[in-house]
Amino acid sequence: MSNNLANSTKNNNSNHSTDVTYATKPWQAPVDSKIMARAEQRVIKQLLQALLYENIIDFESESANTANDSADSETLLNFIIKVDGDVCYTAQGYIHYSFDIIRLNELNVQRVVNGVAQDAILEHVISDILLNIEGAELKDSFIKELRHTLVNETQSQILASNVPVAINKLTYEQLEGYLTAGHPYHPCFKSRIGFDLQDNYDYGPEFDQNIDVVWLAVKKQLLVSNTTTGIDINEWVKDYVGADEFDALNTKLTEVLTITNKQDEGTASHEVDETANNYCLIPAHPWQWQNTLIQALQPLLATQEVIYLGSAGHQYRAQQSIRSLTMLGNADGNVNGDNDVSNNKAYLKLSMHLINTSSTRILAKHTVMNAAVVTTWLNQLIAEDKTAQALPIAFLGETVGVSLDHEALRTRGYQHPNMYGGLAAIWRENVNQYLSKGQTAFPLNGVSYINADGSHLIAPWLDKYGVETWIAQLIKVAVTPLLHILFGYGVALECHAQNIVLVHENGYPVKILLKDLHDGVRYSPEHLTQQHLRPDFYSLPPAHAALNRGSFIETEDTDGIRDMTVACLFFVALSDIAIFMQTHYHYSEVAFWQQVADCVTDYQTSHPEHQVRFDLFDVFAEQTRIESLAKRRLFGDKAFPIKYINNPLFKSRG
């Protein structure tokens, strides 16, 4: 890899919050070797952790010197991966109480050749290990993602400030950009295939750049939309962008149509206005517009069934998911201080043909149409349930969705592959709609966040309340509502750490908000408790199902419903917190999972009326299932990769 990370001369985003020219940006300077090594070791460790945990490669382990063992209930291990007679890799870490998760410690992974050890580099791991995995038909794309992840993580670390920001100085929206670590399990945690480094800087959440959303006018018959209130999509856009901005967009539309219609003699102005009324306005991510939509929509641009209008004047910032955006407080983007990233407007989620953590971030038509259906359904379940109304939970409703109707275009012979899911938007409610006085929202994955200087983001909260008290309250607030949704309704939700928003009062957890559920619910029709509320979902297209076998809503596999809750909430969200607390605060994972088990038992004791579903969705089962993410990325979906894992709740039940 060259010492110079980028030579981009592209200048397609003029809406930056800095006047520094591209030529002098620090990520274009020679890379500090320490930063590169730190980023590279993180990529290697997450890769090896996944390969070992998912049993993709063989390894040996032996007890290491425990003199510096910081974990209370696990033994520090040396992991040894033998490549051939002369080469092996060594690393140190733990097999944790939490689902037997493997985590490597702070020591660098070593490549040992003929007894001589050096710090491992990614290219050697690729050539020694990945390229020799038999049957891994998709390894080339996986390797590409790993290389991109390394470069993007290096870029992030170059620009990261070593001065932490106090937790009470960050709004929820600012935290969405401040939490730069990415997924702690997936080895391709920052791949962003499709971005070059300039794009990554312009649109990556950690770089805190202003983003100018593109607005398009599309003939109404080419769009489908769905809302929780039945509001007309143009009326929604008018309220969202503001009346003046909406009028300005429509003025641009009328001007374009007027110029076109001047070629037709006798066209009256009222006919132009009537033609303008045949269009709906829809936003698009500027990267998606430049890299995908211009090509995919070319026939429609030529016939003016799609018309480019440009900016509505607002600026946005990217959230952790990259394609979800927060509108800034001032339309001109000239923002200052703590009020610069929120005006209480709905968050905007846009389609992108960007591959991140091995998934293409499009918005398929059926998921866009289901967003309002899911929101309405979940709110109805709670509205008719006194128990749920008393629980500390609310949903950030996805109230409006609009999508290009690719099926209508297909009947006209338009077959461009990027039309599917390529132009779509979902609006999600702002967290401030669910905060009372004195309450603040906080992304749950921030609980285990380590600042650039090594300090812990939530340290002030733990110092104030004590680790055991704070963890007990967190578990009560986060676990109980999701147990009730599973046992009380028979519904599982895809609530991993980035989909849960923790609401706190001066750092003390009081409530959770759940988000991003348009394709994240699962149930068995037979076992729903409120059959009269069962919604009619827009069906999953067979072609989509063939590409993503894990994408479905209805199933007869009741263990699978249980597993979705356990995998997302316990395996992904809580395990990371449990391991963090043991590693850094000596609060044992055994004690953590005992608290979780006690929380489940308390709920079940208080609600014996759900006994049938306690047995049906047994969260205390000895084993549960997760999707093997790395295995799927290497071997594909031919045999959907599932791993059975030991459940800490089974061990904690006693």
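How many residues does helix α18 have, and how far does α18 reach from its first C-alpha to its last? In this predicted model, α18 spans residues 589-606, a run of 18 residues. The helix reaches 26 Å between its first and last C-alpha, close to the 26 Å expected at 1.5 Å a residue. The buried residues of α18 are Glu589, Phe592, Trp593, Gln595, Val596, Ala597, Cys599, Val600, Tyr603 and Gln604. In an α-helix, residues three or four places apart point the same way, because there are 3.6 residues a turn.

On the α15 side, the contacts are made by Val467, Trp470, Ile471, Leu474, Ala478, Val479, Leu482 and Leu486. These residues meet Ile561, Thr565, Leu569, Phe570, Leu574, Ile577, Met581 and Tyr585 of α17.

Strand β16 pairs with β22 (residues 508-514) in the parallel sense, over three bridges, and Ala394 stands opposite Leu513 in β22.

A second open sheet has three strands in the order β9-β7-β10, with antiparallel pairing. Here β9 (279-284) and β10 (306-310) are the edge strands, each pairing on one side only. Strand β7 (residues 214-219) is joined to β10 by four bridges, and the two strands run antiparallel. The bridge partner of Val218 is Val306 in β10. Helix α6 (residues 233-241) packs on this sheet, where α6 touches β7 and β9. The direction of α6 makes about 50° with that of β9. Helix α9 (residues 286-296) lies across β7, β9 and β10, and runs at about 55° to β7.

A further site examined was Leu107, which is found in the loop between β4 (102-104) and β5 (110-113). Leu107 is partly exposed because its relative accessible area is 43%, between the limits of 20% for buried and 50% for exposed. Apart from neighbours within four places in sequence, Leu107 is in contact with Lys45 and Gln92. Leu107 and Gly93 lie 14 residues apart in sequence, with a C-alpha to C-alpha distance of 8.7 Å.

For the chain as a whole, 21 helices and 25 strands were assigned. Of the 654 residues, 58% are buried. Among contacts between residues at least 6 apart in sequence, 75% join residues at least 24 apart. The accessible surface of the chain comes to about 26700 Å², and carbon and sulfur atoms account for 48% of this area.

Note on methods:
Residues are numbered from 1 along each chain as its sequence is written. This is a predicted model: local features need pLDDT of at least 70, side-chain atom pairs count only at pLDDT 80 or more; totals for chains, interfaces and linings use all residues. Side-chain values use heavy atoms; hydrogens and water are left out. Two strands pair if DSSP finds at least two bridges between them. Contact means heavy atoms within 4.5 Å. Axes are lines fitted to C-alpha atoms, for helices over the stretch in contact, and angles run from 0 to 180 degrees between N-to-C directions. Buried means under 20% relative accessible area, exposed over 50%, partly exposed in between (1.4 Å probe, protein chains only). Accessible areas come from the Shrake-Rupley method with a 1.4 Å probe; for residues, only the protein chains shown count as cover. The expected span of a helix is 1.5 Å times one less than its number of residues.
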